[in-house]
Structure formats: C-alpha cells, structure tokens
Amino acid sequence: MKDDELRSRLMSVTALAANYCVSLENCRDSEREDFVKEILDFLPRLYLEFSGLDIEETGGAEFEYFPTYVDEDYYDSIRRNVEVVMGEDDVFLETFEEDMKYSDTPVAASISESLADIFQPLYNFISVVKDSEGDNAAGAFRECKENFESYWSQTLCNVMRALNNIRYKD
C-alpha cells in the first residue's frame, strides 16, 4: 500500500474512532432510540475498518508501547452514561461467553460495559494519534488492531446483535 493511501486510510479510521468516542461521551444528550441507531451505524464500519487493514500494510516496528489515556474513573463514567441511556435494556443474554459452556443458567452481559470496552482502545488510539500529531498513527493503529483481534471484535459483534434486537423488537 502506498504511503498516501495508507495515510488516508489511517485518517479515515481515526475520524471514525473519534466520532464513536464523542458519541459515547455525549450519549446522555440522546434519546435511547437515536443513540442505538447511531451506534448501530458506527459498529459495522468499525468492524470493517479494523478487520480490513492488515497490520503488515501499516509498516514500521512490530510493536510499540503507548500510554493509556482511559483510566478506571473515565471508563466507568462512560459506562454509567450509556447505562442511563439504555435503562432496562442495558442487559442482554450472552451466548459467546466462555462461561456459557459450563453453565446451566444464562450469562448476562451489559451493553454499556460492552460499548465502554470498545471505547477504551479506540480512545487510546485516537489520543496517541492526536498527541503525536499523527506521527504514531500507524503504530497506534497496530496496537488497537491487535486488541481488536484479541478481544473487542467479539464484543463488538455481540453488542451489535443486542442493539439490533432493541432497535427492531417492536
């Protein structure tokens, strides 16, 4: 991939991640129906962006360590804000939870926690890009993509299913 094309793709995914984060930061200003619709617009695009660009295409070092920008208090404030907006619809049954293999009872998951779990690596990614004035975009993307492959891709798919159910349940 050419440098200009890579730079354009990284700017595009950074903007998408930033818009997702802003949406969660401002969710208390939204009605649940509008918030669900907005998040259902972001999630498939995030999935496509992070699954579509290979780490090797970004070049550079194999792995870099970047600071964490989302501390426990910030994470929890995002989670609580989403929980307020989602109300009684915040909890859903999780079928891909590892504990389900060994359980006779359903395992519950939280939309607010799932969305905050996606928020955290995305916010860290965009913060590294911003603080480095774009110089570390490729490295920050690689780190975020590794996290996507390790855990938040499944979270994204699971919460998207739950949100889809809320949007179209009536």
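Predicted model: local features only at pLDDT ≥ 70, side-chain atom pairs only at ≥ 80, totals over all residues.
Me: What makes a helix or a strand here, and how many are in the protein?
Reply: Helices (H or I, at least four residues) and strands (E, at least two) are DSSP runs, numbered from the N terminus. By that rule the protein has five helices and two strands. Along the sequence the pattern reads α-α-α-β-β-α-α.

Me: How do you know that the span of helix 1 is close to the expected one?
Reply: The expected span is 1.5 Å times one less than the number of residues. Helix 1 covers residues 3-25, which is 23 residues, and 33 Å is expected. From its first C-alpha to its last, helix 1 reaches 32 Å, close to that value. Helix 4, with 21 residues, reaches 30 Å, and 30 Å is expected.

Me: Why is Ala-140 called buried?
Reply: Buried means under 20% relative accessible area, exposed over 50%, and partly exposed in between (1.4 Å probe, protein chains only). Ala-140 has a relative accessible area of 4%, so it is buried. This residue lies in helix 5.

Me: What does Ala-140 touch?
Reply: Contact means heavy atoms within 4.5 Å. Not counting residues up to four places away in sequence, Ala-140 touches Phe-66, Phe-125, Val-128 and Val-129.

Me: Why is Ile-166 called buried?
Reply: Its relative accessibility is 14%, so Ile-166 counts as buried. Ile-166 is in helix 5 and, leaving aside neighbours within four places in sequence, is in contact with Val-36, Met-86, Asp-89 and Ile-111.

Me: Is Val-36 buried or exposed, and what does it touch?
Reply: Val-36, in helix 2, has 2% relative accessibility and therefore counts as buried. Not counting residues up to four places away, its contacts are Met-86, Leu-163, Ile-166 and Arg-167. The C-alpha atoms of Val-36 and Met-86, 50 residues apart along the chain, are separated by 8.6 Å.

Me: Why is helix 4 described as largely enclosed?
Reply: Because 15 of its 21 residues are buried, helix 4 is largely enclosed by the rest of the structure. In the protein, 43% of the 170 residues count as buried.

Me: What makes a nonpolar core, and which residues touch the most other members of the largest one?
Reply: A nonpolar core is a set of buried Ala, Val, Leu, Ile, Met, Phe, Trp, Tyr and Cys residues joined through side-chain atoms within 4.5 Å. The largest has 49 residues, and Tyr-20, Leu-43, Phe-50, Leu-115, Leu-122, Phe-125 and Leu-163 touch the most other members. Helix 5 gives the largest share of this core, 12 residues. Leaving aside neighbours within four places in sequence, the contacts of Phe-125 include Phe-50, Ala-140 and Phe-141.

Me: Why is Glu-133 called exposed, and what is its phi?
Reply: With a relative accessible area of 75%, Glu-133 is exposed. Glu-133 lies in the loop between helix 4 and helix 5, and its phi is near 55°, a positive value in a residue other than glycine. Most residues other than glycine have a negative phi.

Terms used
Residues numbered from 1 in each chain as written. Heavy atoms only, no water.
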